Amino acid sequence: MHLHISLFGSVALLMSLRGVTPVLSDQAGDPAACALVTRAEAASAVGGPVPAGSATAMKFPMQGASIEAQYCLYGSEVAVGRLKMGSDARSIFAKYRQSLLSNADYQDVTGVGDEAFIAKGQLAARKGTSGLIIDVGQARGGGVKEVQAEKALAVLAISRM
């Protein structure tokens, strides 16, 4: 459950920077959310089996429109979040990055989307008008292996967005 709260917290923080409040959708998440990273890829990233992905969707009202967020949880080991941020994506992502710059584990990441970084044990990336959050093994405390797995999964997920 720590992973779910952490991913939701990251999404909520990102949206709070724009002064919005999340609303959980009554519908199941976009089936494509779990297709960004397959169960087999998630299992490979953690080096063991993971349960089937569980997809959830949220909407964040913002200035007369809404931002859609879908996420997929493979148990407590792998989380994949996708945000459709629209034309303000660069600004929203920049504010999110700025809010996490002071974290001890902050590092810029190259080769993933238009821009990416790691902070708080999660990889955040932007490609065009979409955002991506990948979290591998946060319950383990993060580390080099998890960071490498997050980067590999992010490259796969971005190629499918």
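Helices here are DSSP runs of H or I with at least four residues, numbered from the N terminus. The model in every view is predicted.

View A. The chain holds 4 helices and 8 strands. Read them along the sequence and the pattern is α-β-α-β-β-β-α-β-β-β-β-α. Of its 161 residues, 47% count as buried. The chain exposes about 7,400 Å², and carbon and sulfur atoms supply 54% of that area. Residues 24 or more positions apart account for 60% of them.

**View B. Confidence along the chain.** The average pLDDT is 80, and 74% of the residues score at least 70. Residues 1-8 fall below 50; this stretch has 22 contacts in the model beyond near neighbours in sequence. Residues 11-31 are also below 50, and there the model has 52 such contacts. Where pLDDT is low, the predicted coordinates should not be read in detail.

View C. Helix α2 covers residues 39-46. Its buried residues are E41, A42, A43, A45 and V46. Just after α2 comes G47, with a positive phi of about 75 degrees. G48 lies in the loop between α2 and β2, the strand of residues 54-62. Is G48 buried, partly exposed or exposed? G48 has 23% relative accessibility, so it counts as partly exposed. In sequence, G48 and E77 are 29 residues apart. In space, their C-alpha atoms are 9.9 Å apart.

View D. Strand β6 spans residues 115-119. β6 and β7 pair in the antiparallel sense over 5 bridges. F117 stands opposite A124 in β7. The strands form a hairpin with 2 residues between them. Find K120 in the loop between β6 and β7. Its phi is near 55 degrees, a positive value in a residue other than glycine. Most residues other than glycine have a negative phi.

**View E. Strand β7 and its next partner, β8.** Strand β7 runs over residues 122-127 and is mostly covered, with 5 of its 6 residues buried. On from β7 comes β8, residues 130-136; the two strands pair in the antiparallel sense over 5 bridges. Which residue of β8 does K127 stand opposite? K127 faces S130. β7 and β8 make a hairpin with 2 residues between the strands. There G128 takes a positive phi near 60 degrees.

**View F. The nonpolar cores.** The largest nonpolar core has 27 residues. Within it, V78, V112, L123, L132 and I134 have the most contacts. Which elements give two or more residues to this core? They are α2, β3 (65-74), β4 (78-84), β6, β7, β8 and α4 (144-159). Helix α4 gives the most, with 6 residues. A second core is separate and has 19 residues. Among its members are Y71, M85, Y106 and F117.

Notes. Residues are numbered from 1 along each chain as its sequence is written. This is a predicted model: local features need pLDDT of at least 70, side-chain atom pairs count only at pLDDT 80 or more; totals for chains, interfaces and linings use all residues. Side-chain values use heavy atoms; hydrogens and water are left out. Buried means under 20% relative accessible area, exposed over 50%, partly exposed in between (1.4 Å probe, protein chains only). Two strands pair if DSSP finds at least two bridges between them. pLDDT is the predictor's confidence in each residue, from 0 to 100. Contact means heavy atoms within 4.5 Å. A nonpolar core is a set of buried Ala, Val, Leu, Ile, Met, Phe, Trp, Tyr and Cys residues joined through side-chain atoms within 4.5 Å. Accessible areas come from the Shrake-Rupley method with a 1.4 Å probe; for residues, only the protein chains shown count as cover.
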